[in-house]
Amino acid sequence: MTKEKYIKSKGIVKQAFPNATFKVQLKDKRIVTGYIKGKMRMNYIQIFPGDKVKLHISYYDLTKARIIYRY
C-alpha cells in the first residue's frame with residue numbers, strides 16, 4: 001500500500017494575486033493559498049475569482065495547495 005503525499009479537495013477561487021497565486025476557499029470554509037500546477041502554467045490556463053478548482057493539499061503544510069484542474 002502506498003502512502004499518498006497530498007489530500008485531494010475542491011474549492012472556489014476567492015482572490016487572485018501576482019505570480020499565479022490565489023486564495024481558495026475549501027468546502028469546509030478554510031482558506032488556503034493555491035499555486036498553479038506547471039502544466040497549467042505552460043498551457044496558459046487562466047483562473048479568475050469565482051472559478052471552481054480541484055486541489056492537492058500538502059500534508060506538510062495544510063495552508064498551501066497546488067491547483068491541478070479548473071472546472
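Which residue stands opposite isoleucine 12 in strand 2? Glutamine 25 does.

## Basis of the model

This is a predicted model, in which local features need pLDDT of at least 70 and side-chain atom pairs count only at pLDDT 80 or more, while totals for chains, interfaces and linings use all residues. Residues are numbered from 1 along each chain as its sequence is written, and side-chain values use heavy atoms, with hydrogens and water left out.

## The barrel

Five strands form a closed barrel in the order 1-2-3-5-4, and their pairing is mixed. On average, neighbouring strands of this sheet are turned by 50° against each other, direction ignored. Strands here are DSSP runs (E, at least two residues) numbered from the N terminus, and two strands pair if DSSP finds at least two bridges between them. The angles are taken between axes, which are lines fitted to C-alpha atoms; in general they run from 0 to 180 degrees between N-to-C directions.

Strands of a sheet pair through backbone hydrogen bonds, either parallel or antiparallel.

## Strand 1 and its two partners

Strand 1 covers residues 6–17 and pairs with strand 4 (residues 52–58) in the antiparallel sense, over seven bridges. Glycine 11 faces valine 53 of strand 4, and isoleucine 7 has isoleucine 57 of strand 4 as its bridge partner.

Strand 1 also runs antiparallel to strand 2 (residues 21–26), joined to it by six bridges. The two strands form a hairpin with three residues between them, and asparagine 19 in the turn has a positive phi of about 70°.

The structure holds one aromatic pair. Rings of Phe, Tyr and Trp (its six-membered ring) pair if their centres lie within 6.5 Å; planes under 30 degrees apart count as stacked, over 60 as edge-to-face and the rest as tilted. The ring centres of tyrosine 69 and tyrosine 71 are 5.1 Å apart and the planes stand at 75°, so this pair is edge-to-face.

Tyrosine 69 is partly exposed at 44% relative accessible area, and tyrosine 71 is partly exposed at 46% (buried is under 20%, exposed over 50%, partly exposed in between, with a 1.4 Å probe and protein chains only). The charged end of lysine 54 sits over the ring of tyrosine 69, 5.5 Å from its centre; this term requires NZ of Lys or CZ of Arg within 6 Å of the ring centre and within 35 degrees of the ring normal.

## Salt bridge

One salt bridge is found in the whole structure (a side-chain nitrogen of Lys or Arg within 4 Å of a carboxyl oxygen of Asp or Glu). Arginine 30 forms a salt bridge with aspartate 28, with 3.2 Å between the closest N and O atoms. Arginine 30 is partly exposed at 36% relative accessibility, and aspartate 28 is partly exposed at 48%.

Methods. Helix = DSSP H or I, 4+ residues; strand = E, 2+ residues; numbered from the N terminus.
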